Amino acid sequence: MPLDIDPDRHAVHTAEPRGFTQAFVHEGVGGAGPLVLVHGWPETKRIFWRVIAPLAEAGFEVVVPDLRGFGDSDVGPADDPYGDVAAHSRDVHALVHDHLGHDHAVLVGGDLGGPVIQDMALRFPGFTDRMVLFNSPLPFLAEEMAGMRTRPPLEAADYFLRQGTDADALAAELSTPGERRRYIATFYGSRFWAHPGGFDPTAVEFHTEPFADADKLRASFRPYESVFDPGKRSEPALLEANPAVRCLVLFGPSDHVLYPDFDRMAAVVFPDHVGPFLLRDCGHFVPWEAPHALVSAVRALCSDLLA
């Protein structure tokens, strides 16, 4: 089996710093960083499979969690049934800070992982002073973003509305493992989140397999529900301009679900930014579609740590 799609390529560890079992990959222990790579939706830690080894070989300590309700992590404790940005932020911080014992980290994320690392940087001052952000939701700053294309394509938002407002019915319709995997497969193919040809059939099989489980698929809808229903938020997310963190901005412009001007918007949210850099023939899934670019970017941003 090619390493890129071998689920056993990296050892999976578990910890329970927040009352549920959280799975994570931990490579290059003792190296620079650590680098914390946070996946989005519909992803798991597997979206980073192409970059974990190169980053560890470059000299970094690499930590790659499955967010609660995703991949090999539990859906969360019964008395804390949240899957919103703030809950994920506290989960990842507890894993890295409380369980692994790190007082600081370099944060890397896109899609849902993007708001999670943005929240962590604001919620835990001093925990990070740099991050790499790609193809991610951003806070809307009306005055500073005037004239920018700040709305995702309306025709691509049907999934967002359904998962956020009708999650139980959608989950019930996807009643078999095959139906659940076929639903997730559209985001890697026919919905054109990725650049054409970015995922061959074996890669799609690899990335959809964790969503075959009915409970995990349903839990993965929780971040969308929290957007529409304040009662499904553990607490408000912290998303605002952050001048205290240096942010290297990458953008896969073949993405058909995100803001067309993500790169310009991110440069406003993070005044101390590097780039933005647009990635040729790359869409939403930067770690998979442009792994060399991501590894090179991290090495450049953190060259002082490696030295």
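The model is a predicted one, so local features need pLDDT of at least 70 and side-chain atom pairs count only at pLDDT 80 or more, while totals for chains, interfaces and linings use all residues. Residues are numbered from 1 along each chain as its sequence is written, and side-chain values use heavy atoms, with hydrogens and water left out.

His-39 sits in the loop between β3 (32-38) and α1 (52-57); helices (H or I, at least four residues) and strands (E, at least two) are DSSP runs, numbered from the N terminus. With a relative accessible area of 0%, His-39 is buried (buried means under 20% relative accessible area, exposed over 50%, partly exposed in between, with a 1.4 Å probe and protein chains only). Its side chain reaches the backbone nitrogen of Leu-67 at 3.0 Å. Leaving aside neighbours within four places in sequence, the residues in contact with His-39 include Thr-44, Phe-48, Pro-65, Leu-67, Phe-70 and Leu-112, where contact means heavy atoms within 4.5 Å.

On the surface, Leu-161, Val-227 and Phe-228 make up a nonpolar patch with about 260 Å² of accessible area together. Patches are made of residues with over 30% relative accessible area and no salt bridge, like charges being joined within 9 Å and nonpolar side chains (Val, Leu, Ile, Met, Phe, Trp, Tyr) within 5 Å. Accessible areas come from the Shrake-Rupley method with a 1.4 Å probe, and for residues only the protein chains shown count as cover. Phe-228 belongs to helix α9 (residues 222-228) and is partly exposed, at 37% relative accessible area.

Then there are the salt bridges (a side-chain nitrogen of Lys or Arg within 4 Å of a carboxyl oxygen of Asp or Glu), and the count comes to 23. In one of them, Arg-123 meets Glu-235 at 2.8 Å, N to O. This pair links distant parts of the chain, 112 residues apart: Arg-123 is in helix α3 (residues 113-123), Glu-235 in the loop between α9 and β7 (246-251). Arg-123 is buried at 13% relative accessibility, whereas Glu-235 is partly exposed at 24%.

Asp-168 pairs with Arg-218 in another salt bridge, the closest N and O atoms being 2.8 Å apart. Asp-168 lies in helix α5 (residues 167-173) and Arg-218 in helix α8 (residues 214-220), so the pair ties together parts 50 residues apart in sequence. Asp-168 itself is exposed, at 56%.

Arg-264 and Asp-261 also form a salt bridge, at 3.1 Å from N to O. Here Arg-264 is partly exposed at 42%, and Asp-261 is buried at 5%. Finally, salt bridges with shared partners join Arg-18, Arg-68, Asp-80 and Asp-91 into one network.

Key. A polar contact is a pair of N or O atoms within 3.5 Å; within protein, one must be able to donate a hydrogen and the other to accept it, and residues adjacent in sequence count only if both atoms are side-chain atoms.
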